[in-house]
Amino acid sequence: DESNTLSSDSTKGCVSKPVQINTVEVEFPLYARALEYCAAHQDSFVRVTAMNICLNTLRLATVNPTDATDVDFEGNGSSPDGVLHATALPLRERLAIAQHVCSPRLVESLVSPIFTKLAQLWGTMEELIRDIDMLREGILQSDGGTRVRDSKMEQAKAETKKNRLANALKDTVADVQDELELFEDVLKVGLTSLNEQSIEMMLATFVYPLLLQPLLLYFSSLNRSQVPILVDVLSLGAQTTAEEAGVDSIGVRKIQDSAAAKTALFSLTAVFQLLSNPPLMRLLLTALFHPLAPDSSGETMIRAKPDVAGVGPDGKLCIRIDSFSPDEMKLEFEPSSYSFGNVTGEKSVRGDSQNMNEQVDESCVYVLSPALTEVLEGQAGDLSLIARTRSNPYRRAVLKCLTAGPSMYGLRQISVLLMDAIMKRFGSKFASDILFGVGMKAVSDDIPLDERSLDSKRAYSRNNRDMGQKIDSDSRQSLSGKSGSSFMGEVVSALSLSIINVSMHYEGLWKLVFDGIASHTLLRLAKEDDKAIELATKLMEQRRRMSAMFISELPLKLDKMFGEQIDDDEEGIKEDEEARIGMITNDIFFKSAKGKQFSVVGEFLRLKEVVGKTEIDEYSVSIAMSSKFNDTESRLNNFGRLHLDNDTKDAALQISCTSAMAMAQIDALAAFLKDLAATNSAALKGNTPKAFSISRMGTIISTTQFFIADLNRSIFSPISTRLGKNLLRLDEEISKEIPQPGSVVGLVGRTAIPCVCEVPESCFALLTDETASVVSDGVKWLSLYVVFYSGYMILAEPERKGSGGNGRVVSACYLTSLSVERDQTPVAGNASPARRLLVVHRSLDEKPPGLFLPEKTSPISCGPFNRLDEYKSALDVWFEDENSAEHAYRVMSMKLGRAISKRGNRLREKLSADS
């Protein structure tokens, strides 16, 4: 039954069965001549022109009278999808044309050059990726494999080579895109018989030998090495050594060249992104991810003449033409494919002499496509199918790529794009059914022991198409009618691991990078299965705890590397290891790294529409991002840093800030998954936009209309309340209750520095003794003491009565909210020796401390968000002379540094305890 693929001429219904008919033999000299110019060696412009002629000729057979009416033909004749003539040809003539152009000999002449060209581009890309890998890793053949370092000449050479390789890769990717889109045009003509032959040819000459086989060959070579390939550095922690991770001290791989495997993954990704023919896409997904793979021993062949005709629902003869509706092109429907000669053809086993005397160019031979169709459309309860199949080795290879360790640089990132391309091409339900093995029990419990992993020799077929070897049916009996939860578990686990990428930089420093595309794939896949959401939630909570521990260990690593290079003026910080570690922790989260506009917390976003309606510290980060075609090129072309910066400390801080941001994104994703599990994935179902931000109250705001910073393809969710308090409100926990204006504090035994401050009119109410102030030129001045008290800086006026050992609070604020600067530019013409310090206060609270004047600032907008908005206020603190101001500066810097260090250490404790 081909009800999913065929339509009649007179109706929009579908054809029941293909039939064999005799047609008039025709010749098309123009078509034959055009085919000659479709060859792979021809100039690209010539090829495209010749292909256009051929596609228009094919289109003559697919335009029926119904299609030809009420159409505006002006300017529409050059497209393969366009109608060439106002009056369609009679059915007899169209059948003759279809029979001619679907001849296997002519189909091969039309389609094989595309795959020849793709194979050539595949080889070119493999070499480019290999060169890029070597340049990225800093391997120079002339110096025996050391990283490019300080030589300006070497840096210039590396930069020149980088640009050359980047441009060459960009051109090659564009050429691959052109060839695949050309093949897409052929398939979209809609001649079913031609598409059947084209798909079989693609599987035999391109998919299996160039897209699937290299993955197995790569892992086969790895199995002979002793290098760990699946090391999860995140679970081991920031102190993991290079040797434990299978890399050397600068992160260079020690394993087999992965260029072929990366090229295969890229090509697979491009195929799923650019091609749309439903039967082809379903067969490719089956070959790649169905738990079962066809048997390759004693392959069964189907030999049939081109099935160009069929019988429609009305009983009339018609041409077999694809009739996929827009909904069907989304591939949401139940698995089905073409017939591939099963109805009218004859089956035989490869090597049989029967029918070998037939003319090869008169018959179509199908081997791979019928076998994959049988797996796709088969039922788990069919024991004969189970006996003819085996565990799919390609599925295991891709899942291994998703969980690859640092020694397999790039494989994880590209395989993530493949998974997301699959989810975008197919409906979530269809894709999850295949990936999760719905209706089947895990193969690992039932197949022979020596076939359960890619480490087994029997996991690799001797056949060059590598479709697998036959397995005894007795060992597969329990596969029928069972749950596929183990299949679901291995996919969800692999995707969960792929969300965090770990790579080594700068002599042992690990870098965490959050992969939003992997997260997007996981969310789309898991939303269709409650158990998958539940498992993903548990796994992501584990990853969240691991990342918190990892970040808590980073300052220890940085202190060992750069402890003596702490760039601070505070006395005692450099000599105190604990203080240094606290300062480093603070810098990771609250200091903008070199070359970055914002700190980690400065990257947090707050929805404008929910300000005042949700918790005060509800800030969001990106937790998922849909992929696009250019992402593949950018990931292949990601060179990283070609040489060490002169200031490696700044570079290390950059890396650490990226790792901290990844931890925040994992935290937000874990919180989002918990809400999904509690609400039956409501946020991802219904009319939810593809890109959005969600608040803790469940408010969803679309971001699809914002074309900045990838907002139009990202999902945002708030960080957890726990992390928000640890990062933004930790001062309130560390310090005692803040002294209120008017309260009395003791000055005896505390550092109290006399100063003078201006009292703005808005702060007159803070003064308890008007006689203590002095007015000069309309400005009110007040003599105060700067006092440091339990994590606060207090400005207190001395009591006029009593022993004089107390002061009355005028202003108080957290030390960690302050920064102090020397005034380097005294007022011109001012002969006074007095000098001032510029004290700046930053806080999430809108109201400034007493005496501080707020600065008018506009929130930094980013689409529907504002960035984390710290209110800024400032105060000029005057001292008697330059020496007094310098003394006050040193004391204040030391106190501020100690407070910041204390907060950093407390934050480390929180992260460590949370893990």
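In this predicted model, I794 touches P739, V745, Y785, V786, V787, Y789, V809, S811 and A812, leaving aside residues up to four places away in sequence. I794 sits in strand 20, which covers residues 792-798. Is I794 buried or exposed? I794 is buried, with a relative accessible area of 0%. One of its contacts, P739, is 55 residues away along the chain, yet the two C-alpha atoms are separated by 8.2 Å.

E732 and Y814 are 82 residues apart along the chain, and 8.7 Å separates their C-alpha atoms. E732 belongs to helix 25, residues 730-734. E732 has 43% relative accessibility, so it counts as partly exposed.

**Nonpolar cores**

The largest nonpolar core has 192 residues. Which residues have the most contacts inside it? They are L110, L288, F289, F589 and F604. L288 touches L212, L268, F272, N392, Y394, R395, V398, L418 and I422, again not counting residues up to four places away in sequence. Another core lies apart from the largest one. This other core has 31 residues, including I753, C757, V759 and L851.

**Salt bridges**

How many salt bridges does the structure hold? It holds 30. Three of them are set out here.

| Pair | N to O distance | Relative accessible area |
|---|---|---|
| R395 and E490 | 2.7 Å | R395 2%; E490 32% |
| E886 and R822 | 3.0 Å | E886 26%; R822 32% |
| R906 and E909 | 2.9 Å | R906 28%; E909 44% |

Take R395 and E490, whose side chains meet in a salt bridge. R395 lies in helix 15 (residues 393-402) and E490 in helix 18 (residues 485-498), so the bridge ties together parts that are 95 residues apart in sequence.

Next comes E886, which forms a salt bridge with R822. What parts does this pair tie together? E886 lies in helix 26 (residues 882-914) and R822 in strand 22 (residues 818-822), so the bridge joins parts that are 64 residues apart in sequence. E886 is partly exposed. R822 is partly exposed too.

The side chains of R906 and E909 also meet in a salt bridge. Where do these two residues lie? Both are in helix 26, three residues apart, which is about one turn of the helix. R906 is partly exposed, and so is E909. Elsewhere, salt bridges that share partners join E126, E127, R130 and D257 into one network.

**Helix 20**

Helix 20 runs over residues 530-562 and has 33 residues. From its first C-alpha to its last it reaches 48 Å, close to the 48 Å expected at 1.5 Å a residue. Where does helix 20 bend? The bend is at E553, by about 25 degrees. A proline, P555, follows within four residues.

What caps the N-terminal end of helix 20? D529 does. A side-chain oxygen of D529 lies 2.8 Å from the backbone nitrogen of K531.

Notes: Residues are numbered from 1 along each chain as its sequence is written. This is a predicted model: local features need pLDDT of at least 70, side-chain atom pairs count only at pLDDT 80 or more; totals for chains, interfaces and linings use all residues. Side-chain values use heavy atoms; hydrogens and water are left out. The expected span of a helix is 1.5 Å times one less than its number of residues. The bend at a residue is the angle between axes fitted to the seven residues ending there and the seven starting there. A polar contact is a pair of N or O atoms within 3.5 Å; within protein, one must be able to donate a hydrogen and the other to accept it, and residues adjacent in sequence count only if both atoms are side-chain atoms. A salt bridge is a side-chain nitrogen of Lys or Arg within 4 Å of a carboxyl oxygen of Asp or Glu. Buried means under 20% relative accessible area, exposed over 50%, partly exposed in between (1.4 Å probe, protein chains only). A nonpolar core is a set of buried Ala, Val, Leu, Ile, Met, Phe, Trp, Tyr and Cys residues joined through side-chain atoms within 4.5 Å. Contact means heavy atoms within 4.5 Å.
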